[in-house]
Amino acid sequence: MKPAEHPRLVARRRLLRLSALAVPGAVQTSRAAWADEGPPGAVALDGFTTFDPRPVFALAESIFPGRGAELGNAWRTRQFEYTWLRTLSNRYADFWQVTEEALVFSAQLLKLDLTAPARARLMNAYLELQAWPDAVPALRRLRDAGVRLAFLSNFTEAMLQAATRNAQLGDLLETPLSTDRVRAFKPDPRAYAMGVSHFGLPRTRIVFAAFGGWDAAGAHAFGYPTFWVNRLGLPLEALGEQPDGTGSTLGALADFVLARRSGAQAA
């Protein structure tokens with residue numbers, strides 16, 4: 001008898017099936033399809049590809065010495081599980097609320113005394129995010145080449161705007177696309193479809209840059225050429241989808257996009 005899959009993996013697989021099947025015209029990307037539609041004209045970015053979350057978890061360690069990593073891992077895991085569960089059950093709450101609820105649950109799970117001031121400090125750290133060191137040069141390369149850029153993120157618009165101001169990226173990026181607009185978190189196809197509506201391009205001309213392996217799988221199932229910015233060096237998710245490119249920095253993403261623009265123009 002085949003062993004039962006972990007419920008978390010089952011939920012991820014279900015959301016990916018929805019991404020691939022629920023939107024008319026969803027396609028699997030290929031290099032031939034990109035050439036037929038034209039070169040990449042835009043990049044939709046997950047927020048964490050550009051904004052470094054590590055200070056949030058360093059703060060957790062300073063508040064709970066010796067337990068910060070444990071809290072950070074539980075918090076991050078529950079944070080995204082709540083987004084998937086809320087989307088599947090049609091009980092949307094924005095990412096700020098989900099993040100706070102995940103923090104409270106994780107502290108209770110680990111029997112940590114999360115005081116109101118500590119809770120506020122950890123939450124406000126999400127409004128103080130800075131860019132990864134490679135982000136600004138890479139995004140400027142893309143923008144200078146005529147590639148349009150916008151975040152397509154679970155973050156609220158206020159969270160995205162705060163991080164964009166902190167990183168001084170305002171001149172490089174278009175209006176952020178928060179899942180609050182469609183009240184469905186990634187990898188729901190309604191979230192990914194915001195990029196098509198915003199850029200006015202075929203999905204095969206919009207490269208999606210993912211931070212999480214599950215997000216790369218979801219975007220690829222939706223039909224985006226997908227680049228996984230795998231900053232944490234994680235293995236490929238066992239979800240039946242592979243990104244079209246992988247690297248550990250936004251510089252690698254820029255190389256990927258610009259090479260395909262050059263190749264399509266030369267064809």
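Phe48, Phe57, Trp75, Phe80, Trp84, Tyr92, Phe95, Tyr126, Phe155, Phe185, Phe211 and Trp214 form one aromatic cluster in the predicted model. Rings of Phe, Tyr and Trp (its six-membered ring) are taken as a pair if their centres lie within 6.5 Å; planes under 30 degrees apart count as stacked, over 60 as edge-to-face and the rest as tilted. By this criterion the structure holds 19 aromatic pairs. One of them joins Trp84 and Trp214, which are edge-to-face, with 5.2 Å centre to centre and 80° between the planes. This pair links distant parts of the chain, 130 residues apart, as Trp84 belongs to helix H5 (residues 68-88) and Trp214 to helix H11 (residues 213-222). Helices (H or I, at least four residues) and strands (E, at least two) are DSSP runs, numbered from the N terminus. Both Trp84 and Trp214 are buried, where buried means under 20% relative accessible area, exposed over 50% and partly exposed in between (1.4 Å probe, protein chains only).

For Phe227 and Phe256, the ring centres are 5.1 Å apart and the planes stand at 50°, so this pair is tilted. Phe227 lies in strand E7 (residues 226-229) and Phe256 in helix H12 (residues 250-266), so the pair ties together parts that are 29 residues apart in sequence. Phe227 counts as buried at 2% relative accessibility, and Phe256 counts as buried at 7%.

The cluster member Phe211 is found in the loop between strand E6 (206-210) and H11. With a relative accessibility of 16%, Phe211 counts as buried. Leaving aside neighbours within four places in sequence, Phe211 is in contact (heavy atoms within 4.5 Å) with Asp46, Phe48, Thr49, Trp132, Trp228, Val229, Arg231 and Leu232.

Gln79 is placed in helix H5 and counts as buried at 1% relative accessibility. Apart from neighbours within four places in sequence, Gln79 is in contact with Phe95, Val98, Thr99, Ala102 and Tyr126.

The axes of helix H6 (residues 95-109) and helix H7 (residues 116-124) come within 11 Å and cross at roughly 135°. Axes are lines fitted to C-alpha atoms, for helices over the stretch in contact, and angles run from 0 to 180 degrees between N-to-C directions. H6 is therefore oblique to H7; angles under 35 degrees count as roughly parallel, over 145 as roughly antiparallel, 65 to 115 as roughly perpendicular and the rest as oblique. The crossing of H6 and H7 is right-handed (near helix turned clockwise from the far one by less than a right angle; left-handed if anticlockwise). Trp96, Thr99, Glu100, Leu103 and Val104 of H6 make the contact with Arg119, Leu122, Met123 and Asn124 of H7. These residues divide into five nonpolar, two polar and two charged, with Ala, Val, Leu, Ile, Met, Phe, Trp, Tyr, Cys and Pro counted as nonpolar, Asp, Glu, Lys and Arg as charged, and the others, Gly among them, as polar.

Overall, the secondary structure of the protein comes to twelve helices and eight strands. Of its 267 residues, 53% count as buried. Among contacts between residues at least 6 apart in sequence, 69% join residues at least 24 apart.

Residues are numbered from 1 along each chain as its sequence is written, and side-chain values use heavy atoms, with hydrogens and water left out. As the model is predicted, local features need pLDDT of at least 70 and side-chain atom pairs count only at pLDDT 80 or more, whereas totals for chains, interfaces and linings use all residues.
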